[in-house]
Amino acid sequence: MQPQGPPRIVEWRGQHYFFYYKDGKQVRRSCARMNAHTDKARRRKRKELEQKLELHEASRLVERTVLGVAYATDTLLVDSLEDYGKYVKRRLKARTTDLERRAGLSKASAVEIERTLTKFTAWLESAGLDGLTTGGLSAQNLRDFFLHLAEEPDVPGVRKTTRSLATINKHRRNIGGALRWIDELRPKQIPDFQAFKGALRADRTGQPEPQAHSPDELRRFYHRLKEREKPGYVKEVEDRRRGKWLQPAQAEAATPLSMFFLLAALTGMRLTECLQLKWSDVDLKRGRISVYATKTGRKRVLPLTGAPEGEVAPAFVKTLARWKRAAGKRLYVLPHAQPTEESPHPKPTFDRRSWERVGEDLGLRQITPQTLRQSFVSYLSSAGVPETVAALWCGHGPAVATRHYRTQVLERRQGRSVQEAMGLTDYRK
């Protein structure tokens, strides 16, 4: 352990810094951030630091001798958050090397946590709290950060981002997980974790009503997707200053959105499940799809045809067979870019902006991969498929299906399958 010494003022890279040792660790603090801009102010601040260090050592001695426990509440918060970020990466690596037992953390979750940590550390620096310790963190600091997220400028000085309560709550969960991990470290870094519970408590959000799109909406949306994928498609563009004019549409993503639409609408799979579906998971002879749920880590089987509870999409099985013949040696069901030596099996992608333009052009209510999933569950229920079976096919509990996915279908067509009820049997016309 390095010996404790008085703070030193060092000029480094054109700026003045305080260098000192605290609990055996070297600490560097910017003089400017401590409002010590002149020599006189820096000497006064150095004396204050020296006195604080002496008091700190005295308090640590009392804790060790009287309480019999070790504390490290003076650890910089940004350092502890950095350590937690390394732990998250280790969990991600564990998941990639142990897919069967599902140990570790999924890539999507790791990305979300890393995004939250990046925003939090950036806010600490911008608020002048980069020197905040784990023992000095307060619930008000957390509330200030979440308020900052709610009104954070998208582009500085231009406009502010409107984040939903669900998004803010997701950041709350990520920060709470980080602080719990830090609280469990020894020596103890957070003296009273209970004080944060109020700031970390999620705000109650109203769940949007589930949607069931009518056959007319589904057909119009699908045909507009096909229209936009035709070569030479021209669209009308409007600008407030220049008026209206025609221009060729930008090239869509290499993954055709019309193929994604059919796969999502007729199977009820999640967005990531559609993009990650491989031909090895499709049994064309029996008309079944094995879905590996990245969200739950479980496998489920969706029978497109031949299920005693009811027919789902028998005509879509023929479509899948046609896609398979055109796929060649392609690994994924949905196509993307051409294979290369560096990327022999390019992964499909979802062009969200192009998808949203279709709804805007048609003036339809919002159609998303999630509402397609809700529609699929609703049509299953309307076709007489038991709630428990529909939940099993879609990969969630019956209560979740009822509360968040199923709604009444008023405009379904008569047919012998869910595909016919959705009006997507003759989608090639």
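Predicted model: local features only at pLDDT ≥ 70, side-chain atom pairs only at ≥ 80, totals over all residues.
Local features were considered only at pLDDT of at least 70 and side-chain atom pairs only at pLDDT 80 or more, whereas totals for chains, interfaces and linings use all residues. Residues are numbered from 1 along each chain as its sequence is written, and side-chain values use heavy atoms, with hydrogens and water left out.

The axes of helix α4 (residues 139–150) and helix α5 (residues 165–183) come within 10 Å and cross at roughly 145°, where axes are lines fitted to C-alpha atoms over the stretch in contact and angles run from 0 to 180 degrees between N-to-C directions. Helices are DSSP runs (H or I, at least four residues), as are strands (E, at least two), numbered from the N terminus. The contact (heavy atoms within 4.5 Å) involves L142, F145, F146, L149 and A150 of α4 and I168, H171, R172, I175 and L179 of α5.

R172 counts as buried at 10% relative accessibility, and D203 as partly exposed at 34%, buried being under 20% relative accessible area, exposed over 50% and partly exposed in between (1.4 Å probe, protein chains only). The whole structure holds 14 salt bridges.

In the backbone, a cis peptide bond with omega of about 5° joins R186 and P187, while N35, although not a glycine, has a positive phi of about 60°.

Conventions: Salt bridge = Lys/Arg side-chain N within 4 Å of Asp/Glu carboxyl O.
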